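Hi there,

Here is the structure I promised to pass on. Have a look at it first, and then read my notes below.

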Amino acid sequence: MHDGPLTFRERLEHRFARTLLRLPPRLQLLLSGKEQVTRDGLRLHPEMQLLLSLRERLGAVSMSSLSPDVGRRRMRREAMVHAGEPVEVGTVRDLVVETPHGPVKARHYAPAKGAGRPLLVFLHGGGFVLCDLDTHDGTCRMLCRHADVHILSIEYRLAPEHPFPAALEDAKAAFLWACANAEALGADPARVAIGGDSAGGNLAAAVSQLCVREGLRAPSLQFLLYPALDRTVDWPSMRHFAEGFFLTRADIQWFQQHYSGGRVDFSDPKISPLVSRELSRLPPALVVTAGFDPLRDEGEAYVAALQKAGTPATLRRFDGLVHAFANMCGVSQACHDAVVEISSTLRRMLDAPASEPARSEVRA
């Protein structure tokens, strides 16, 4: 949970950032103190360039330099600063999902006219170490409002206190609970999808694979927002964007160490879903990537692998954005617009017949 309301300084930071990120692009680049950032043939969006510069000037530090407890507190505060005013949806209520591994906190977001609409089980990011229901409240509200879907956000157990496979066990159990209780939540029991951002995207992909492999009810769709899917390969994007673009290589290694406990084989598909040899018969996938994200290439490789296996998969890359952009909607119009577009695609795919062909889209 949050550690109290925003301080006066934090409120000023939010208003200051929001004001600056509404200025013309040329002025944003000037205020960033740098020439237009280009890398790997891409141009960083001026809003992202200025926002990254502001974070640096305000003393942002790498998560990998902090303890998990301090990192969690810092992430919660930063999420509050970036969130802005809550997006209105039909109803929001907290509940508890009972699983074989113990009770799991959850939050149900219902759209204004939600009777019979699909349900998305949402698994938050944070490297399996950080974040909670509150840090992703804004993202879930945006998806609920603009995709017109029910959202069941899950607060799974975190590492290092609960290393692999605790988060995956909670995610799988929560999805099966959602399938059994979708109608009671006012959603369509025939359309229960699973999704998440970053580490949550990893869990969503892994649950989708496990359900098919074990003959369980499979999700109607897997929604993977800049997912972490393969820790066995040093992807080019990991080298291109190792530092300076919000998520760093050092952060990823820090998350990996805490999640694995130093005792896990990263070639296990339950940790690196991309390495699975069984990618056919999986649910259709919507995979979203950011151009300036170390995780970009593995997300896009997963789309290619799914399509090769005959699984429908749609890719949408936002060339100029960075990892975690969905959590920046309260200050960045570019991030807000991206999430609105993603929500529209999510709604279309959940409402479309299963035979609709997959698409790949890469636009700035």
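A residue counts as buried under 20% relative accessible area, exposed over 50%, and partly exposed in between. Leucine 31 has 33% relative accessibility, so it falls in the partly exposed class. Please keep in mind that this is a predicted model.

Leucine 31 belongs to helix H2, residues 25-32. Together with Leu27 and Leu30, Leu31 makes up a nonpolar surface patch, and the three share about 260 Å² of accessible area.

Helix H3 is mostly covered, with ten of its twelve residues buried. Among them are Pro46, Glu47, Met48, Gln49 and Arg55. The length of helix H3 (residues 46-57) checks out too: at 1.5 Å a residue it should span 16 Å, and its end C-alpha atoms are 16 Å apart, which agrees. Just after H3, glycine 59 has a positive phi of about 90 degrees.

Now for the rings. The count of aromatic pairs comes to eight. One of them joins phenylalanine 241 and phenylalanine 292 in a tilted arrangement, with 5.2 Å centre to centre and 50 degrees between the planes. This pair links distant parts of the chain, 51 residues apart: phenylalanine 241 is in the loop between helices H8 and H9, and phenylalanine 292 is in strand E9. Phenylalanine 241 counts as buried because its relative accessibility is 0%, and phenylalanine 292 is buried with a relative accessible area of 0%.

Phe128, Phe164 and Tyr259 form one aromatic cluster. Finally, arginine 316 lies over the face of phenylalanine 318, at 3.9 Å from the ring centre.

Best wishes

Terms used
Residues numbered from 1 in each chain as written. Predicted model: local features only at pLDDT ≥ 70, side-chain atom pairs only at ≥ 80, totals over all residues. Heavy atoms only, no water. Patch = residues over 30% accessible without salt bridge, like charges linked within 9 Å, V, L, I, M, F, W, Y side chains within 5 Å. Areas by Shrake-Rupley, 256 points an atom, 1.4 Å probe, with all protein chains shown as cover. Salt bridge = Lys/Arg side-chain N within 4 Å of Asp/Glu carboxyl O. Helix = DSSP H or I, 4+ residues; strand = E, 2+ residues; numbered from the N terminus. Buried < 20%, exposed > 50% of the residue type's maximum accessible area, 1.4 Å probe, protein only. Expected span 1.5 Å × (residues − 1). Phe/Tyr/Trp six-rings, centres within 6.5 Å; stacked < 30°, edge-to-face > 60°. Lys NZ or Arg CZ within 6 Å of the ring centre and 35° of its normal.
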